[in-house]
Amino acid sequence: MNQGGVANVRVLDEHGRFGAPVDIAWRDGRFVDAVGGPGAPSADAGAGTDSDAGAEATMIDGSGRWLIPGLVDAHIHAAWQAFDAAGRDAIPETETVELTRRALRAMLLRGTTSVRDAGGLRSAALRATDADTLPRVQTAETLIDREAADTAGGVERAAEAALAAGARWIKLVGTAGIASPPGSRLEPAFSLEETAAAVRLAAQTGAGVMVHAWGGAAVDHAIEAGASSIEHSMFLTAAQARRAAERGLVLVPTLRIYRQVRAMIDAGELPEAFAARVDEAVAAHPGAVRLARDAGLSIALGSDSGTPAQHRTALREFAALVDAGLAPEEALVAATRTGAELLAGAAGEAIAPSGRIAPREIADAVLLNIDPSDPANRDAIGDPSAVDAVILGGRTILPGRRPGPVIADPAIRPELFPPRTAHSRMRTTVIPKRSRTGRAQRFAAATAATLAAALLLAGCAPASGGSGSGDAAKPVSGGQLKLGRAAAVDSLDLNQQITANNAFAIDQVFEPLVSFDETGKIVPWLAEKYDIDQAGLVYTFTLRSGAKFSDGTPVTPADVVFSLQRHLKVGGPLPLEAPIASIEPGSGDAAKNTVVITLKQAYTPFLSELSGFANGIFPKDFGGKTEAEFFTKPVGTGPFAVESWDPNGDLVFTKNTHYWQSGKPYLDTLVYTVVPDDTQLQQQLTAGQIDAIEDVPASAAKQIGSGSATKLVKNGSWEIEQLFFNTQDPRFADEHVRRAIAHALDRDGITKATTFGTAEVANSLIPPTIEYSADAEKGIALAFDEQAAKDELAKSKYPKGFETTLLIASGNSQRAQIAQIVQEALAKIGITVKIEQIDLAAFRERFKAYKFDFMINSGQSDAPDPNGLVTFQADPEGFSKSYWTHYTDAKVTELMHEGRTTADGDARKKIYVEIQRILAQQVPYIPLFYPSNLKATTAKVHDLAVRPNGSIRFQDAWIAK
């Protein structure tokens, strides 16, 4: 008889949460009714038997520990001791058996109590090992790919052979993998009928079917046929996720293995030719996991480990699930209950744990000395130093010992086990806390830091005299704020830049005469007021009294004149389009503090245009420096000055002690640090390594917003996510092709699938946050209509379709998902799309050189007037040549110029609505959705003011002590 228990331990419930400490007991390999405290055993425990005589029990002191159900790895290759087939074949069979035993034993000691082998491990070989010292194992015996099926005489014959050999799982290899070309279509290896035949055959013996399917029709076939699980599925779509959830399938994503494969390529262990396809998989995978989670599709942990080193670190897949966007609680359910239930469905008559710690359930569990639900401890699962005991069917396994009862001190909790015979004895084991080194010490430090932060946020401070930490509290001066962002700042020349990586650093140093607030309203800024004459031609700006540059020199009208004249001369990507006749200091006494700008004719968007970062003010003659010297370490009136700057890395700002807003900025230092991956950004924020994130992926917004240690900062935006066509390409010069693609795309579906409720579907170029948007006008955008798409393509010069490449920046999981949806949608009308992902810097170089077919990117207005966005995206003579599409239309150009000189009101609205209508019909680009501005901070950061253009006013931000 195996009996024992853990006293005063926190237990994981079926939702992945830990409750208050309780007492847990097990007998005869199952948990008993004593769960939660002293109590009687279950009725089926029955009276004692003679076999109970002399039985010992293990009682463990669980104080300060956490008990979780036994971990399940739902996708391993335990018998693989080399990554390639040739390497595996070179290992003698006896050695393979021993290495397999060691691999499984190592997994058990790390807390894995059940595994599903996805091919390679034979039941006969498993029987040759000491199975009592290993996790529970279910096998697929072999992998059935197209070649194996054909060799056997069909899928059914191959499946019958596997089942006859002892398989509990039929493993179908439904798509190609890393050896397939980048961007290639995911052709299914098996038809729906073949997949269904395998499922029917497996069901006859109570076995299950697992389908290796990166995406495409193979996933559809697995869903429709009723397979138990889909494996990998990094190109899963939202629609597939929903159907799979409805059919009760489980996704086993195996995230980490593809990162390991990439490392093997880098080390020269695998061909470089695999790199591009692997990079596609790695980029897309987190998005697929989040799609599954949000669709309600169950997710199970699977490592896909296939070498000794991978077997030992298999449970690091848990951290990969968290990195992909699952909350630790969700990842714990994936690693326990979901995996256990998946395996129970194919267990037949074998004992099958449920993945829950509850009366009558199989007593598989892991006792940890670290809280695995704390995001700071994401690596605790799989770390041997975090495991104090493993319970396998009621047998207690301590690190370094074989399964069996552990005899220690006299019993202290015999009430958990009512007497069964006069000879039963109860003893307790007190497991000492092991000293921690290396990673374990870091876990302890992280836990301590989290506790300290929690105490602070809970108000464990003096009742009076403290500053408080809520947004309503008085701001605190001092400290450093580190902002994580995707790209480095490579230029601080305000007149030459447009991209957000540079713009949102420039605006910390330079300020314009007027600006706009969080709602987009124009407000006086470096000028304390402005006056406009009745004709709308003369603008007089009065500078703020006492305003100084960051070097302490006063701001004069001569500086303003020099700055704006330089902008007029340079032009740049955001030129002053206003018909300016002169820029001069005021006359007489006003010459000391006023600037007068005279226009040749009325120009309605002038103040809006002037509010952009490109019109910031700097010292006359660059303060006596050359242009190159000045913009290396510029001087401005903004809240911060540049302290140090690596154009390929971080930028450090220091407080401008001469700032004109009294007492601001509150921060001493502001650091822009480059973290080019969405997942890493979120991970570092949660761990407190950074204080804020510049752009939060929509998929992570809910988790960040609900976290106790993080906050989501959200505001409406002037941004539009779009699909852009290079009209220099003959295929996309054809308006019918562009219209066909517009009809083929379900913009509403894309928005719902990829923005997680943080965006609105776009029906026009100008978003509703900017005046004169036509988004609410009926019939503006081309509707989703697959037949209309085919009809339009038939009218084009390419009625049979064509092959093309969609360019996106890597590291952006949302755009990777959009690209997959576009790829699938266009395939239905005969357009084959290859997806090309390159790093952000290279992406920008490519599209600015017109070296793309079509691309996914975002348009962003830098000012509140509609003219700015229309000019940037529809002016063929402008800096960007209609956002690098080379689109031109005489009527749009005419209306654009008319809109600039027409006074605000109904007539001007009519002009911009007509521009949007023409653009929607001619489709040089397809607006997909209007994102929200999503920023994130740790709980200690307060008053982060976000404007509609996505910029942040850091002068208002402060950090709680």
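Predicted model: local features only at pLDDT ≥ 70, side-chain atom pairs only at ≥ 80, totals over all residues.

User: How many cavities of 30 Å³ or more are there?
Analyst: Residues are numbered from 1 along each chain as its sequence is written, and side-chain values use heavy atoms, with hydrogens and water left out. A cavity is a set of points, on a 1 Å grid over the protein atoms alone, where a 1.4 Å probe fits but cannot get out. With a cut-off of 30 Å³ or more, the count is 9 cavities.

User: What is the volume of the largest cavity, and which residues are closest to its centre?
Analyst: A volume here is the space filled by probe spheres set on the grid points, which are joined across faces, edges and corners. For the largest cavity that gives about 190 Å³. Its lining (residues with an atom within 4 Å of a point) has 19 residues, and the closest to the centre are Asp507, Phe510, Ser515, Arg947 and Arg953.

User: Which elements each supply at least two residues of that lining of the largest cavity?
Analyst: Helices (H or I, at least four residues) and strands (E, at least two) are DSSP runs, numbered from the N terminus. For the largest cavity, the elements are helix H15 (500-509), strand S21 (514-516) and strand S41 (952-953).

User: How do the residues of the lining of the largest cavity divide by class?
Analyst: Ala, Val, Leu, Ile, Met, Phe, Trp, Tyr, Cys and Pro count as nonpolar, Asp, Glu, Lys and Arg as charged, and the others, Gly among them, as polar. On that basis, the lining of the largest cavity comes to 7 nonpolar, 7 polar and 5 charged.

User: What volume does the second largest cavity have, and which residues are closest to its centre?
Analyst: The second largest cavity has a volume of about 150 Å³. It is lined by 15 residues, and the closest to its centre are Ala781, Ala920, Tyr925, Ile926 and Pro927.

User: Which elements give two or more residues to the lining of the second largest cavity?
Analyst: By class, this lining has 11 nonpolar, 3 polar and 1 charged residues. The elements giving two or more of the lining residues are helix H30 (906-922) and strand S37 (925-931).

User: Is Pro927 buried or exposed?
Analyst: Pro927 lies in strand S37, and its C-alpha atom is 8.9 Å from that of Ala781, 146 residues apart along the chain. Beyond its neighbours within four places in sequence, Pro927 is in contact (heavy atoms within 4.5 Å) with residues including Ile720, Arg747 and Leu765. Buried means under 20% relative accessible area, exposed over 50%, and partly exposed in between (1.4 Å probe, protein chains only). Because its relative accessibility is 14%, Pro927 counts as buried.

User: Which residues have the most contacts inside the largest nonpolar core?
Analyst: A nonpolar core is a set of buried Ala, Val, Leu, Ile, Met, Phe, Trp, Tyr and Cys residues joined through side-chain atoms within 4.5 Å. A second, separate core has 60 residues, including Ala505 and Val946. The largest core has 66 residues, and those with the most contacts inside it are Ile170, Leu172 and Leu236.

User: What is the relative accessible area of Leu236?
Analyst: Leu236 sits in the loop between strand S12 (229-235) and helix H8 (238-247). Not counting residues up to four places away in sequence, it touches Trp214, Leu251, Leu297 and Gln817, among others. Leu236 is buried because its relative accessible area is 0%.

User: Where does Pro665 lie?
Analyst: The peptide bond from Lys664 to Pro665 is cis, with omega near -5°. Pro665 is in the loop between strand S28 (651-655) and strand S29 (669-674).

User: Is Trp884 buried or exposed?
Analyst: Trp884 is found in helix H28 (residues 881-884). Its phi is near 55°, a positive value in a residue other than glycine. At 5% relative accessibility, Trp884 counts as buried.

User: What share of the 961 residues of the protein chain count as buried?
Analyst: The protein chain has 30 helices and 42 strands. Of its 961 residues, the share that count as buried is 58%.

Terms used:
1 Å grid on protein atoms, 1.4 Å probe; cavity = no way out; pocket = protein on both sides within 12 Å on 5 of 7 lines; lining within 4 Å.
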